[in-house]
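Student: Could you walk me through this structure, please? I am new to it.

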Amino acid sequence: MQQQMEKLLHFTDAVTRGAARQRDTLRAQMAETRAKTLEQVREEAQEAARSHYDREAARIRAEAGREVSQHLMEGKRKIYLRRKQIGQEVFDQVRARIAQYTASPEYPKHLEELLAAAMRQLPGAKRVSLRLRREDLPLLERLAQSIAPVEVDCQEGSFSLGGLALRCPELGLRVDCSFDNRLEELVSHFAESFGLSVSDDEL
């Protein structure tokens, strides 16, 4: 009886130790599985966070780029309109000054000087066609006398601010000394110097 009891205790003890070993093994496996699962979940969460960040960053950059482009275009438009306004104001003042000058006593003498300068560009001309604005046609005789004996044929020019234009058919040359032409050249120079147009490289 004693011997059977010892065998039973020995068997029970062996079973208990085996169960404990299995329990410890299972615990270790569970701990390893738990650690791997947590690591995988952590990595997936980090990847999801990075993807979300990248998408949001790209969206924000695109939106900011559109806003910046809109602001730049609006700024360029305002600059263009302001430059155009300044140019208009400047040339309105120039036209007003020209009108004052062409109404002054000095203007007829200036026309003679312009005609003499134009004739120097037509050496050997015997006959010329003179263009004047309508208001200056009464000065024809005085101007023709100033370049005698050259024959002068006078016609109303297509310009309106003043000055004169001269054409010599025999030489095939034309000299434009009209104030309209000078102002047009000044407008072009002003646009180049002060940029009445706005390029993409500006700002």
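**A buried serine and the core around it**

Tutor: Ser129 has a relative accessible area of 3% and is therefore buried (under 20% relative accessible area, with over 50% exposed and partly exposed in between; 1.4 Å probe, protein chains only). This is a predicted model, in which local features need pLDDT of at least 70 and side-chain atom pairs count only at pLDDT 80 or more, while totals for chains, interfaces and linings use all residues. Residues are numbered from 1 along each chain as its sequence is written, and side-chain values use heavy atoms, with hydrogens and water left out.

Student: In which strand does Ser129 lie?

Tutor: Ser129 is part of β1; strands (E, at least two residues) and helices (H or I, at least four) are DSSP runs, numbered from the N terminus.

Student: Leaving aside neighbours within four places in sequence, what is Ser129 in contact with?

Tutor: With that exclusion, Ser129 is in contact (heavy atoms within 4.5 Å) with Asp153, Gln155, Ala165, Leu166 and Arg167.

Student: Which residues of the largest nonpolar core touch the most other members?

Tutor: They are Leu115, Met119, Val128, Leu164 and Leu166, out of 26 residues. Such a core is a set of buried Ala, Val, Leu, Ile, Met, Phe, Trp, Tyr and Cys residues joined through side-chain atoms within 4.5 Å. The largest share of this core, 6 residues, comes from α2.

Student: Which residues of α2 are buried?

Tutor: Tyr107, Pro108, Leu111, Glu112, Leu114, Leu115, Ala118 and Met119 are the buried ones. They line one face of α2, because they fall within an arc of 160° seen down its axis (using directions from the axis to the C-beta atoms).
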